[in-house]
Amino acid sequence: MFTGLIEEVGTVVAMRASDGGARLQIAAPRTAKEATIARTNLNRLRQNSQVNLEAAVRADGRLGGHFIQGHIDCVSPIVAFGKSGEDFRLEIELPREFAQYVASKGSIAINGISLTVSEVLPKSFDVWIIPYTKRHTNLDRARAGDLVNLEFDIIAKYVERMVSPLIVRK
């Protein structure tokens with residue numbers, strides 16, 4: 001989702017077209033140095049790193065995943081990632097300050113991919129990745145120890161905000 005609120009006008013530094021698409025390099029010094037780099041795994045990208053891309057949701061389109069805003073909450077390391085049968089089990093460390101937003105069978109965005117939490121463990125959570133998703137996202141190269149971007153479900157955040165004043169603290 002995007003809002004249309006422009007933060008900076010970037011300048012095209014280079015553009016190279018090819019049969020497979022185009023490579024566009026943009027200078028945006030103010031936007032590039034702000035929170036996106038500090039709060040995500042983007043500062044670890046190198047040449048040939050893969051990045052998941054998605055066009056903004058159209059208002060008249062079908063919503064196939066869940067509401068993802070692109071506001072990364074934190075980065076967290078992959079604990080384990082391995083094949084089990086035809087699918088892949090991905091276990092990610094769960095930072096304590098965000099644990100309340102993760103629920104079994106709830107939605108989470110990992111590197112921008114809408115996924116369903118299969119199990120919440122004391123210090124981590126896991127999701128199952130089908131072969132198609134592994135092949136067609138940057139999880140294809142993911143390994144234990146890699147940092148992934150996590151965006152927790154916005155609905156869970158709103159629910160917490162609405163009910164927290166109603167909770168009696170002891």
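**View 1. Bridge partner of A109 in a predicted model.** A109 has S114 of β6 as its bridge partner. Strand β5 (residues 107–110) and strand β6 (residues 113–120) run antiparallel and are joined by 4 bridges; two strands pair if DSSP finds at least two bridges between them. Strands (E, at least two residues) and helices (H or I, at least four) are DSSP runs, numbered from the N terminus. This is a predicted model, in which local features need pLDDT of at least 70 and side-chain atom pairs count only at pLDDT 80 or more, while totals for chains, interfaces and linings use all residues. Residues are numbered from 1 along each chain as its sequence is written, and side-chain values use heavy atoms, with hydrogens and water left out.

**View 2. Barrel of 6 strands.** With antiparallel pairing, the strands close in the order β3-β4-β7-β6-β5-β8.

**View 3. Salt bridge between D73 and K157.** The closest N and O atoms are 2.8 Å apart; a salt bridge is a side-chain nitrogen of Lys or Arg within 4 Å of a carboxyl oxygen of Asp or Glu. D73 lies in the loop between α2 (35–39) and β3 (74–84), and K157 in helix α4 (residues 154–163), 84 residues apart. D73 is buried at 13% relative accessibility (buried means under 20% relative accessible area, exposed over 50%, partly exposed in between; 1.4 Å probe, protein chains only).

**View 4. Salt-bridge network of R89, E91 and D126.** The closest N and O atoms of E91 and R89 are 3.0 Å apart. E91 is buried at 12% relative accessibility, whereas R89 is partly exposed at 25%.
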